[in-house]
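Subject: A structure for you to explore

Hi there,

Here is the structure I promised to pass on to you. Please open it and keep it on your screen while you read my notes.

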Amino acid sequence: NTFRRISHLPLNMNRDESRATRSGLTAEADSINGDQSEESSPLATRSSTTSKVQSGLVGLCTVLLCPAIVFGLFGLESLRKFPSSGHSVNAEAGLPVVPAGVNFGGWLCLEDWFYSGEHGNSVMTLVQSGQGACLPPDLPHLLEPWPSEGFLTQRLNQSQGWEKTADIFLAHRHSYIGESDLQDLQKLGIKYIRVPLTWAAFADALAPVDKGVYGSHNPDEDTVIVPDPFYVTLAAFATVPRNWLKELLHRCADHDLQILWDLHAFPGGAADGTYNGVWPSPPEFWMQNVNIGDRSIALADTGLWVAQALINWVEGLDDKARGAVYGVSLMNEPAHMAASDADQGKAFIKSEQQVLDWLASSADMFRKSKLPSQNKKLFVQVIETAFKDFDETVIPWYNDKFSKSEQQSWAVMDRHWYIAWYDKCQIRTVPGGGAMCDDSLEDIKTLLQGCANSFAEDFAKKFDGQKASSEFSVGTYSEATLACNDREVLKAFLEVEVKTFDSNGIMPFFWTWRMPYGKVFEPGWSLKALAGLETSSAEQCFPLPSTSIV
C-alpha cells in the first residue's frame, strides 16, 4: 500500500493513530510509479475549447449532517410518475417557476470556475492554468490557480501534506451544502437533486488494479487520497465515505427530496473539460490502460467497475435511504468534445461505437440489477459534441438498445442544453449574440422562446420515451463578465425554459444550486442566488496578487 503516504485521515481515527499507521508506509511511497511518461506530464497537455470549470474547496466544519426530523418513505406511485415542473410557482422567492430538479454542482466533483472568486471570466476555461483561486473556508487563496480537482488534490498533498489535504476536503464537503439548503429546496417545491460524483466515491472498485492503493481503506467510513490510475503522479482524489452519503439520503427523505446520483468524472478523464478531474492533461479513459498495479487493465473497464459499484450500493441501501434515490446516471457527457478534437488531430476515443458500447454495457448492468423493479431511473446522458452526426448515430442506437417499454419505465434519454455557446441565442452586453441585454424584455423573450422551442420540440420529436435535460441554466453567454445579469431578463429566461421543457415532456435540472465563491458566474448559474436565498459567507476566496486567472 505504497500510495497511502499521501492519502488519508480516516473519519474514525485520530491523527496520532493515523500517523502510527503510516509510519511503516512512508519509505515505500516515493517509488510509486515515478516513471510517469512524457505524454502524461503537464508539458504534454493541450487546451480544451470547452469545459465547465469547477473549483471547490471549502473549509473545516466538524458537523455536516443534522439529525433526521421526520421518517418517511416515498410511495411507489410517486416513483412511477415521470415528473414535470412548469406548474410550480414560488412568488415569495421571486421566481416565476421552479424546475423539477437542481444540481449540487461544485460539491463532490470540483470545477475550477466555481471557486474563481471575483476574478473568473469564462465558463469554459481557456487557459491551462485554470481559474480555481481558493477552497474556502480552509484555503482562501493559493500560490497558483488550479485547473481541475485531481491537480488541486495532488498539489495540496505535495505542499500541505496528507493531513491538511484531508482537512481541507472535509471542510469543503461539510460546509458547502447544509440543512438549510435542503429546507430551501423543499420550500421552493423542488423535488429532485442531481449530485455529481467523481469515480473516487467508489475507488475501492479499483482494488483489482492495486488492492493496497484502492482496496485497503474502509469505503463506508474513511476519507483517503487515491491516485488517478493513469495520471498517477499528477492527479489524486479524495474518497467520499459512503455512510455519509447514506445519511444524506436519510436527510433528503425527511425533506421529501430524492437524489439522482451522477458519475461525473472517470479515471484518466473520459471527456475533454475541466470537470473531468485531470484537465488540462488529455483524456485517456477511452484509449489507455492503467499506469499502476496491473497494467493490463483498460481504464474503460475500471469505469464499468465504478458504475457497477454504484448500482450495487444503491441496491443494498436500507429502505429509507433507497427510497430517497430517484435514479443514477452512469456517465456524464461521455467523450465530450471528441468530434472536434479528432478534427484537430487530438482524437481521444477509438471510435464513436466504443462510446456507445460502453454506455450499452453500463445500461445492461442496470437492466440486470434490482433497480428497475425498485422503480429507479437510469439517465442515459449523451452529448452532441461526441459525435460527427448525433441524430444519425444516437437515435437508432438508443431505440435499438432500449425497448419502448424500457423507455417508458426506467430509461431516460438525457441531453444538456445551454444557450451560452450558441451565438444566435446569446444575450450579451457586447455585439455578436442574438440580442443585447438592454433590448426590450418582450424582444428578448421572443428570441429565447424560439431557441427553447427549437431544442425542446426537436428533442421530443426524436425521442418518444422519458426525457430529461439534467443541466440547463440562465447563463446567457460563456464569457460571464459580458453576459446579461439583469434579474428580470434572467427570471424571464427561467420561465421560458422551464415551461417549454414541461410542455415537451422534458424533466429539467438547473445547473447549479449555489456558487458563492464564483461571484462573476453567480447571476446566471446559481438558482439559490436567483431566488434571493444566497447569503454572504464569512469565508473569502481571493487570488494572491501574483496570481492571474484571466
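Predicted model: local features only at pLDDT ≥ 70, side-chain atom pairs only at ≥ 80, totals over all residues.

Let's begin with a helix pair. Two packed helices are described by the angle between their axes and the distance between the axes. Helix H4 spans residues 149–160 and helix H5 spans residues 162–176; their axes are 7 Å apart and meet at an angle of about 135°. That angle makes H4 oblique to H5. On the H4 side, the contact is formed by Glu149, Thr153, Leu156, Asn157 and Gln160, while H5 contributes Trp162, Lys164, Thr165, Ile168, Phe169 and Arg173. Sorted by type, the residues of this contact are four nonpolar, four polar and three charged.

**Helix H16 and its surroundings**

Next, please look at helix H16, residues 487–503. Its 17 residues reach 24 Å from the first C-alpha to the last, close to the 24 Å expected at 1.5 Å a residue. At its start, a side-chain oxygen of Asp486 comes to within 2.9 Å of the backbone nitrogen of Glu488. After the helix comes Gly505, with a positive phi near 70°.

Which parts of the structure cover the buried residues of H16? Among them are strands E9, E11 and E12, together with helices H15, H17 and H18. The buried residues include Val489, Leu490, Phe493 and Phe501, and also Lys491 and Glu497.

Glu457 has a relative accessible area of 45%, so it is partly exposed.

One joins Pro136 and Pro137 and is cis, with omega about 0°; Pro137 sits in the loop between strand E1 and H4. Another cis bond runs from Trp511 to Thr512, with omega near 10°, and Thr512 belongs to the loop between E12 and H17.

Finally, is Glu333 buried or exposed? Glu333 is buried, because its relative accessible area is 5%. Its phi is positive, about 40°, although Glu333 is not a glycine. You will find Glu333 in the loop between strand E6 and helix H11. Asp256 also has a positive phi, near 60°, and lies in the loop between helix H8 and strand E5. With 32% relative accessibility, Asp256 counts as partly exposed.

Enjoy exploring!

Best wishes

Terms used. Residues numbered from 1 in each chain as written. Heavy atoms only, no water. Axes fitted to C-alpha atoms, helices over the stretch in contact; angles between N-to-C directions. Helix = DSSP H or I, 4+ residues; strand = E, 2+ residues; numbered from the N terminus. Parallel < 35°, antiparallel > 145°, perpendicular 65-115°, else oblique. Contact = heavy atoms within 4.5 Å. Nonpolar A, V, L, I, M, F, W, Y, C, P; charged D, E, K, R; others polar. Buried < 20%, exposed > 50% of the residue type's maximum accessible area, 1.4 Å probe, protein only. Expected span 1.5 Å × (residues − 1). Polar contact = N/O pair within 3.5 Å; in protein donor to acceptor, adjacent residues only side chain to side chain.
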